[in-house]
Structures are given as structure tokens and as C-alpha cells.
Amino acid sequence: MAVRKIKSGIYWVGSLDWDRRLFDELIPLPDGTTYNAYIVEGEKTALIDTVDPTKESELVENLSQWGGSIDFVIANHAEQDHSGSIPAVLELFPQAKVVTNPKCKGMLMDSLLIPEEKFMTIKDGDTLSLGERTLQSFMTPWVHWPETMVTYLKEERILFSCDFLGSHLATSELFVRDKERVVESAKRYYAEIMMPFRTSIKSHLQKVDALKVDIIAPSHGPLYDEPQFILDCYREWVSDTVKNEVILPFVSMHGSTRAMVDYLIDALMSRDITVKPFNLTRTDTGELAKALVDAATIVIACPTVLAGPHPAAVYAAYLAGALRPKTKIVGIIGSYGWGGKTVEVLSQLIGNLQVEVLDPVMIKGYPEKEGFRLLDNLADEILKRHRALKI
Ligand code: FEO
């Protein structure tokens, strides 16, 4: 790895993780990720965030290549992919203080066993002078943990935003050059961890808008030297506007539910509704999460097994409930052999969503004329509601 210059006295000293394919043992990372850490030099020098402990040696090598001394380690977030190498940095620079908010301090003491005397706590709006440069902290809780904050370098107008506005994308580009690729990664990342906190994210965007920002330097993915690009994307994602789309996660054991899915896809397409099916036995859950960001409707298609919904559909329904998308309408369809509680269980799993649940279409065995008529009715009901939403 190499130290990369952002501006005079401001350097990237992080790590690229080309090979990582899973985060939190949960989130697929098809494009790897980066752990961005930054040096800001002045009379005093700050390191902003560190790297995942698996990449600690790369950070240490970069700091050695840079060759300076660190007075402050700014911890924007306690999650280990940014904080996990703080103990190693404190060993190299024993005089350094960890600068963070009280909640993050507590979490770092709990999870990394950093002694209390190593900390300097700050609150929303506080500034830290580095001499000719000034860092200002802003609390941005629930991006996606309760202690998250961002750091603003006033003189150069750089916002170090940590997870906020970032993307899981390993790329050799320091600054965003392939916007299309970055927006897909950033949207996926927003969907996976920030979507449940949409209301908080909206207010954080207002905080950013109040600052003059020339560069956004997140802790994952490339930096933005055209910050409005990613801010506009986020504004759209957190808005209440939904698209004329149906997300259709499905699983089928013997083809009956699949026949219903195929029929409903055609029925929706013939009504000019975009439909995105996800075969739950194969799908990447990150792609499903991303699709949930702005679709008006979700229809879960699921056979009954062991007297209830297929476990793959249970997972999808649980995920939708946990991610709390701005979806307005939900439908449940599927096939059963003799009975079961599929609709009841799935309805409970999405019970926290502020949605209208349409009449389910559950068919005994393989669908026939009456079953297809019910699916046409369902497509009509979805169309009616999308029109009412003026989408
Ligand atoms: Fe990139 Fe929440 O850590």
C-alpha cells in the first residue's frame, strides 16, 4: 500500500481490501472495500480513523512511510473496521490522545479495552486546533450506530464522514471517477445499514448542507471531489418518493409458486409496472436490499413448508422488516399443499412497516384459471395504488 496525497499536508494512509466478500458475517461485498484513514498535519497532527484489524500492518507501514508523529486520533465511529487499529497506533505514538464523543469513548473502552486516560472527549460543534488547521466535530448518531460522528476540516472544507456517504468498493481511484459504479455501491451500502435510520440521515444531510464542503472523504470507497453528486443521491434515497416498481422476492419448491410468480411478472409488466424478481435461493441480499430503497411495492412469493413459510422467505421478510424501506404496499402470494400459517407468519415479520397489506393470494396446489384471475386482480390493485401515488 502507498501513502496518497490529497492536498499538501493531508494524506490517505488507509488500506484497500480487494478480497473481502462478507462484512459482519452478513453483508455481501461483491467489490471488496476500503478502510480509509487520513492524516491531517499542522503544528499538531491528527489521524482520522484507522483500519480494520486485519489490515493493521498496512496502516503501520503507511504511517512509517509518512514518517511524522501523531498527536490526536479522531475516532468517528467505534465499529472495528475503523477503530480496530487504534491500539496499535497508540503503541506507536503513546503521547496521542483519542478524540471522540462520550458514547464512542465508552464503546471503545468496552470493545478495545483502551484505558480511559487515553481519551479526550468532544461534543457537537466542538473544534480542535491543529495550529494552522481546525477540525470540527458534528454528531451524526445512527449512521448506523448510536455514537457515529463526522469531522470537518474547516480551512480545506473537507468532510471526513466515516460510514456516512461511503461505498463498499475497492478501487485504485482516490477520487470518484466512475460515478455510475460508485452510486450503485453507495446505494447498496445505504440500503444495508442506513436505510432503517432514514429520518436521522435526513437531518444529517441538512447538517452537511449547512457546511461549505469541497471534498467528502468517507471511510469506505473513493473520495468525492464533487460532493453534490453523492448528496443528491442520498436526498433522493431518504425522500418519501417511491418508484413505480414491484420487488418480488420468491422461492418455489415444486414449481407452483414459480408459475404464480411468472404470471404476476407478466401481469405487472403489461400494466407498465417495473418488476424486479429475486430468486431467494440464489440472490445476493445486498442487491435485494438495494432494490428496496425506492420501490413502491413488495410482493413476497412463498410456498408453505413445515406448516409455515419457506425459511428463505422468512429471511427476506425479516430483512424487509428490519431495513424499514419506504415501501407503501405489500402483497403475499404462494402455493400450499394442505394448510399452514404462511400468511400469518410473514405478516408478523413485516408488521413494523408502515404499509398497506393487500389481500393475499394463496393457492392450493398448481394455479389454474381462478388462481390466475386472482393474480390479475392483485396486479390491478397494485396499479390502482401506484396511480393514486402518482408514480
Ligand atoms: Fe464501516 Fe459501521 O463501520
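**Figure 1. Overall division of the protein into two domains.** The protein is divided into domain 1, covering residues 4-238, and domain 2, covering residues 246-388, and the model shown here is a predicted one. The C-alpha centres of domain 1 and domain 2 are separated by 38 Å, and along its principal axes the C-alpha trace of the protein spans about 80 × 40 × 35 Å. Twelve helices and 24 strands are present in the protein, and of its 391 residues 58% are buried. When contacts between residues at least 6 apart in sequence are considered, 72% of them join residues at least 24 apart.

Figure 2. Across the boundary, 16 residues of domain 1 are in contact with 15 residues of domain 2. The largest nonpolar core comprises 61 residues, and Phe 164, Met 194, Ile 230 and Tyr 234 are those with the most contacts inside it. Helix H5, which runs over residues 179-194, gives the most to this core, contributing eight residues. Because domain 1 (4-238) and domain 2 (246-388) both give residues to the core, it lies between them.

**Figure 3. Surroundings of Tyr 234.** With its neighbours within four places in sequence left aside, Tyr 234 is in contact with Phe 164, Leu 165, Gly 166, Tyr 190, Met 194, Ile 201 and Leu 205. Of the residues with the most contacts inside the largest nonpolar core, Phe 164 and Met 194 are named together with Tyr 234, and both Phe 164 and Met 194 are among the contacts of Tyr 234 itself.

**Figure 4. Packing of helix H5 against helix H7.** H5 and helix H7 (residues 227-238) pack at an angle of about 40°, and their axes are 11 Å apart. This angle makes H5 oblique to H7, and H5 passes H7 in a right-handed crossing. On the H5 side the contact is made by Lys 179, Val 182, Val 183, Ala 186, Lys 187, Tyr 190 and Met 194, while H7 supplies Phe 229, Ile 230, Cys 233, Tyr 234, Trp 237 and Val 238.

**Figure 5. Packing of helix H6 against helix H7.** The axes of helix H6 (residues 198-209) and H7 cross at roughly 150° and come within 10 Å. Angles over 145 degrees count as roughly antiparallel, and H6 and H7 are therefore roughly antiparallel to each other. H6 passes H7 in a left-handed crossing. The residues that make this contact are Arg 198, Ile 201, Lys 202, Leu 205, Val 208 and Asp 209 of H6, together with Leu 231, Tyr 234, Arg 235, Trp 237 and Val 238 of H7.

**Figure 6. Thr 140 in a loop between two strands.** Thr 140 is placed in the loop between strand E13 (134-139) and strand E14 (149-153). The relative accessible area of Thr 140 is 3%, which is under the 20% limit, so this residue counts as buried. Not counting residues up to four places away in sequence, Thr 140 touches Thr 148, Met 149, Val 150 and His 204.

**Figure 7. Tyr 318 in helix H10.** Tyr 318 is found in helix H10, which covers residues 311-323. The relative accessible area of Tyr 318 is 51%, and because values over 50% count as exposed, Tyr 318 is classed as exposed. The C-alpha atoms of Tyr 318 and Gly 351 are separated by 9.7 Å, although these residues are 33 residues apart along the chain.

Definitions and conventions:
Residues are numbered from 1 along each chain as its sequence is written. This is a predicted model: local features need pLDDT of at least 70, side-chain atom pairs count only at pLDDT 80 or more; totals for chains, interfaces and linings use all residues. Side-chain values use heavy atoms; hydrogens and water are left out. A nonpolar core is a set of buried Ala, Val, Leu, Ile, Met, Phe, Trp, Tyr and Cys residues joined through side-chain atoms within 4.5 Å. Buried means under 20% relative accessible area, exposed over 50%, partly exposed in between (1.4 Å probe, protein chains only). Helices (H or I, at least four residues) and strands (E, at least two) are DSSP runs, numbered from the N terminus. Domain bounds come from an automatic or database domain assignment. Contact means heavy atoms within 4.5 Å. Axes are lines fitted to C-alpha atoms, for helices over the stretch in contact, and angles run from 0 to 180 degrees between N-to-C directions. Angles under 35 degrees count as roughly parallel, over 145 as roughly antiparallel, 65 to 115 as roughly perpendicular and the rest as oblique. A crossing is left-handed if the near helix is turned anticlockwise from the far one by less than a right angle, and right-handed if clockwise.
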